[in-house]
Structure formats: structure tokens, C-alpha cells
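This briefing is a first orientation for a reader who has not seen the structure before. Please look over the sequence and the model, then read the points below.

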Amino acid sequence: VLEGSFAQAVRLAITATGTFQANEQRRVSFEVGQKLIVSLGGQVELSSSASHWQASITLPAAEDKPILVMDDNAGLVELYHRYLGGGHYRIIEAHSADEAIQSAKEHELKLIILDVMMPDQDGWEVLQRLRSVWETQHTPILICSVLNEPEIAYSLGASDYITKPITQSDLLTKVEYWTD
């Protein structure tokens, strides 16, 4: 059973019969491999007895990063799903400020992508509301709009700005920056 920081992990166990010969080349190879695995957040355990040896390698599983998308354009939301689908991102949709705040309470959001021009509510007001509540006050907010008004966005608390139409490359660059 995996516990603690390895609650979601991948474990590989290698067992062999015979004795483990610890010559210099194997020792150096093991140390290099061990350092690589540890740098990835994993662990290596080596055990041996008179008849066999075993190496257990545990690596944390990649987890999806929840990103809230608030946009009234269903086609654009689908585009976000396609553009970010190959990465470790989970798109959560919200269609109102209330839904966005509720989603923030339910998920530990890594990023909020917010449209400005929406039919029932002003995106600038939504941005200010998201910045005023505890659950989203420190969550990065990326404004994605046809308006070219980054100064307004930044003055109201946006973390970043991207102008529509968006490209996959531009979106991935922004998302990777704010979610790492």
C-alpha cells in the first residue's frame, strides 16, 4: 500500500536470483539511476539476501492540473479541451461567477481562464469578484479576450492576458508558465 506523498504512484519491483555483484561500474550506474529517480520525486530501495536481490522503484504518478475555463462560447471551450488535452490538464467549465467560485471550493485550481465579453455578466466584474474571495484570490487568472485591453486586466488583478484568436502554442506557453 502506498501512503503519504506516494498515494498515487507507480511502483516497479525487479527481483532476480543469485547474488548482487557490487562492482564499481554497477555501483556508479546504480547511483546515477538512483539520483535520477530521486530528482523526479521517487524512491529506490535495494535489498538482497544470500539467494536473491530486489530493487523497488517508486515514482509519483503524474496528476492532472485542474484549470477552470469560463467562456460563453462552447466552441472555444471545446478548443481548450483539444489544445490542452495532450497535457496533464483537466478542464473544468463554469458559466457564471457563482459556478466559478463553487468550482474553486471543490477543486484546488491551478489556473482560471476567463473571457471578458459574456452576454449575462461583465468579465471585468467577474475578475474582481474572483480576486475578492478567499478560494481564488491567489489563483492565477489568464484573461482570454478579443479585446486588446491588457492594462485594464492587470489593473483589476489578472495574472496574464492573451488575445483571441488563440493558437495552441500561445495557449500552452501561458498555461505551462502559470501551472508549473
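In this predicted model, the buried residues of helix α3 are covered by elements that include β4, β5 and α4. The protein chain as a whole has 6 helices and 8 strands. Along the sequence these follow the pattern β-α-β-β-β-α-β-α-β-α-β-α-β-α.

**The chain overall**

- The protein chain has 180 residues, and 36% of them count as buried.
- Among contacts between residues at least 6 apart in sequence, 62% join residues at least 24 apart.

**Helix α3**

- The buried residues in α3 are A97, A100, I101, S103 and A104.
- These residues cover an arc of only 160 degrees around the axis, and therefore sit on the same side of α3.
- K105 and E106 are exposed, on the other side of α3.
- An α-helix has 3.6 residues a turn, so residues three or four places apart point the same way.

**Strand β5 and residue I92**

- I92 belongs to strand β5.
- I92 counts as buried because its relative accessibility is 10%, where buried means under 20%.
- With neighbours within four places in sequence left aside, I92 is in contact with P66, I67, L68, V69, S103, H107 and L109.

**The nonpolar cores**

- The largest nonpolar core has 23 residues, and the members that touch the most others are L114, L130 and I143.
- Two or more residues of this core come from each of β4, β5, α3 (97–106), β6, α4 (123–132) and β7.
- Another core, of 18 residues, lies apart from the largest one and has L79, Y89, C144 and I166 among its members.
- Beyond its neighbours within four places in sequence, L130 is in contact with A100, I101, I112, L114, T136, Q137 and I141.
- In soluble globular proteins, nonpolar side chains tend to be buried together.

**Helix α2**

- Helix α2 spans residues 74–84, and its buried residues are L76, V77, L79, Y80, Y83 and L84.
- Seen down the axis of α2, these buried residues fall within an arc of 155 degrees, so they line one face of the helix.
- The face turned away from the buried side of α2 carries the exposed residues A74 and R82.
- The cover over the buried residues of α2 includes β4 (65–70), β5 (89–94), β6 (111–114), β7 (141–145) and α6 (168–179).

**How α2 meets α6**

- The axes of α2 and α6 are 10 Å apart, and the two helices pack at an angle of about 75 degrees.
- Angles of 65 to 115 degrees count as roughly perpendicular, and α2 and α6 are therefore roughly perpendicular to each other.
- Y80, R82, Y83 and L84 of α2 make the contact with Q168, L171, L172 and V175 of α6.

**Residue T179 in α6**

- T179 is a residue of helix α6 and counts as buried because its relative accessibility is 8%.
- The side chain of T179 reaches the backbone oxygen of V175 at 2.7 Å.
- V175 is also one of the α6 residues in the contact with α2.
- Apart from neighbours within four places in sequence, T179 is in contact with K65, I67, Y89, K110 and L111.

- Strand β8 covers residues 160–163 and includes D160.
- D160 is buried, with a relative accessible area of 10%.
- Setting aside neighbours within four places in sequence, D160 is in contact with I141, L142, I143, Y154, K174 and W178.
- One of these partners, I143, is among the residues that touch the most other members of the largest nonpolar core.
- P165 is in the loop between β8 and α6.
- The peptide bond from K164 to P165 is cis, with omega near 0 degrees.

Definitions and conventions: Residues numbered from 1 in each chain as written. Predicted model: local features only at pLDDT ≥ 70, side-chain atom pairs only at ≥ 80, totals over all residues. Heavy atoms only, no water. Buried < 20%, exposed > 50% of the residue type's maximum accessible area, 1.4 Å probe, protein only. Helix = DSSP H or I, 4+ residues; strand = E, 2+ residues; numbered from the N terminus. Arc of directions from axis to C-beta. Contact = heavy atoms within 4.5 Å. Core = buried A, V, L, I, M, F, W, Y, C linked by side-chain atoms within 4.5 Å. Axes fitted to C-alpha atoms, helices over the stretch in contact; angles between N-to-C directions. Parallel < 35°, antiparallel > 145°, perpendicular 65-115°, else oblique. Polar contact = N/O pair within 3.5 Å; in protein donor to acceptor, adjacent residues only side chain to side chain.
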